[in-house]
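Subject: The structure, and some notes to go with it

Hello,

Please have a look first, and then read on for what was found in it.

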Amino acid sequence: MIEIQSVSHRIGQAQILTDVSLRLERGGVIALAGPNGAGKSTLLSLIARLQPLQQGQIRVDDMQLGQCDDRALARKLAILPQQVNASSRLTVRDLVGFGRYPHHRGRPTAGDRARVEAALAQFDLGPLADRQLETLSGGQRQRAFVAMSYVQDTDFLLLDEPLNNLDLAAARSLMAQLRQLADDQGRTVVIVLHDINYATAYADRIVVLKGGRVVADGAPAETVTAAMLEQVFGTAAPVHSVGGRPVVLV
Ligand SMILES: Nc1ncnc2c1ncn2[C@@H]1O[C@H](COP(=O)(O)OP(=O)(O)OP(=O)(O)O)[C@@H](O)[C@H]1O
Ligand SMILES: [Mg+2]
């Protein structure tokens, strides 16, 4: 479980997050939604300790952030940030291989290598494995970064807009794999999605942030309503129910 208690965050004079409290139970897909600048990436980066907590507390299972060993946290929680910087000369296989680092700390075993090959296959990266990142298309590169997060085999997986640049098949395939991780292995996936229809199709729960606060939280059918879209995004998008789940007409 990830427990976020009264987290607030400022950058300079700007209040980025205000009193955010959330309990993210183990085993499920939780979508984070909300307008640009709402604070979604900031919240993920605090959970993953990419920046220090200023106010409030975050616990990941029995680990209190700021008091626990960051290396132990890295074996429990992986993050794919929205903007990733990696040397573009790296090959796809090397990048994905880095994902195993918290497990082997520089001495990959045959098991680590096998996991990398399996992840390459799972994300259709086999034919691209020896290519340098700079030679890939945007979606191919994104798939490589997703595979690098996935191969870490952590209980908690935080993904910030992983569908960026992915085509329809790659996006559906990734969401189905995340769903499977949650259902079959009890993993917890927290995923920032702008396309609400992916959230309603694949997430158990949607947390909506606006202006650094949680403004809606619940099952897709409870949260995704025309009234919420109007209030949060200021746009009048109709919501239909298809097979029991809300679908936003864009
Ligand atoms: N280093 C920084 N300096 C100043 N402001 C920042 C900094 N980082 C983030 N912010 C501001 O914090 C707010 C929240 O940013 P954040 O990246 O968390 O939003 P987001 O919900 O992820 O948005 P998006 O959907 O566009 O990715 C924004 O207004 C952003 O401009
Ligand atoms: Mg963001």
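A salt bridge is a side-chain nitrogen of Lys or Arg within 4 Å of a carboxyl oxygen of Asp or Glu. With that in hand, you can find a network of salt bridges that links Glu3, Arg23, Glu25 and Arg59.

Some ground rules before we go further. This is a predicted model, in which local features need pLDDT of at least 70 and side-chain atom pairs count only at pLDDT 80 or more, while totals for chains, interfaces and linings use all residues. Residues are numbered from 1 along each chain as its sequence is written, chains are lettered from A and ligands numbered from 1 in the order in which they are written, and side-chain values use heavy atoms, with hydrogens and water left out.

**Salt bridges**

Side chains of opposite charge can pair when their charged atoms come close. How many salt bridges does a search of the whole structure find? The count is 17.

One of them joins the side chains of Arg23 and Glu3, at 3.5 Å from N to O. This pair links distant parts of the chain, as Arg23 sits in strand β2 (residues 14–24) and Glu3 in strand β1 (residues 2–11), 20 residues apart. Helices (H or I, at least four residues) and strands (E, at least two) are DSSP runs, numbered from the N terminus. Arg23 is partly exposed, with a relative accessible area of 43%, whereas Glu3 is buried at 12%. Here buried means under 20% relative accessible area, exposed over 50%, and partly exposed in between (1.4 Å probe, protein chains only).

Another salt bridge is formed by Asp61 and Lys76, at 2.8 Å from N to O. Asp61 lies in the loop between β4 (55–60) and β5 (63–64) and Lys76 in helix α2, so the pair ties together parts that are 15 residues apart in sequence. Asp61 counts as buried at 16% relative accessibility, and Lys76 counts as buried at 15%.

The side chains of Asp204 and Arg179 also meet in a salt bridge, at 3.1 Å from N to O. Distant parts of the chain are linked by this pair: Asp204 is in the loop between α8 (196–202) and β9 (205–210), and Arg179 is in helix α7 (residues 168–185), 25 residues apart. Asp204 is partly exposed, with a relative accessible area of 37%, while Arg179 is buried, at 17%.

**The magnesium ion**

Which residues coordinate the magnesium ion (ligand 2)? They are Ser41, through OG, and Gln82, through OE1, at 2.0 to 2.1 Å. Donors are N, O and S atoms within 2.8 Å of the metal (3.2 Å for Na, K and Ca), and water is not among the atoms, so sites may look incomplete. Ser41 is in helix α1 (residues 40–47) and Gln82 in the loop between β6 (77–80) and α3 (92–98), 41 residues apart. Ser41 counts as partly exposed at 27% relative accessibility, and Gln82 is partly exposed at 34%.

**Pockets**

Rolling a probe the size of a water molecule over the atoms shows where empty space is left. On a 1 Å grid over the protein atoms alone, a pocket is an open set of points where a 1.4 Å probe fits, with protein on both sides within 12 Å along at least five of seven lines, and lining residues have an atom within 4 Å of a point.

The largest pocket holds about 410 Å³ of space; a volume is the space filled by probe spheres set on the points, which are joined across faces, edges and corners. Of its 22 lining residues, Leu50, Ala78, Ile79, Pro81 and Gln152 are the closest to its centre. The largest share of this lining, 4 residues, comes from β6.

In the second largest pocket there is about 220 Å³ of space. Gln82, which coordinates the magnesium ion, is among the residues nearest the centre of this pocket, together with Gln83, Val84, Gln142 and Asn165.

Phe233 is in helix α10 (residues 226–233). Its C-alpha atom is separated by 7.5 Å from that of Gly34, 199 residues apart along the chain.

Enjoy exploring!
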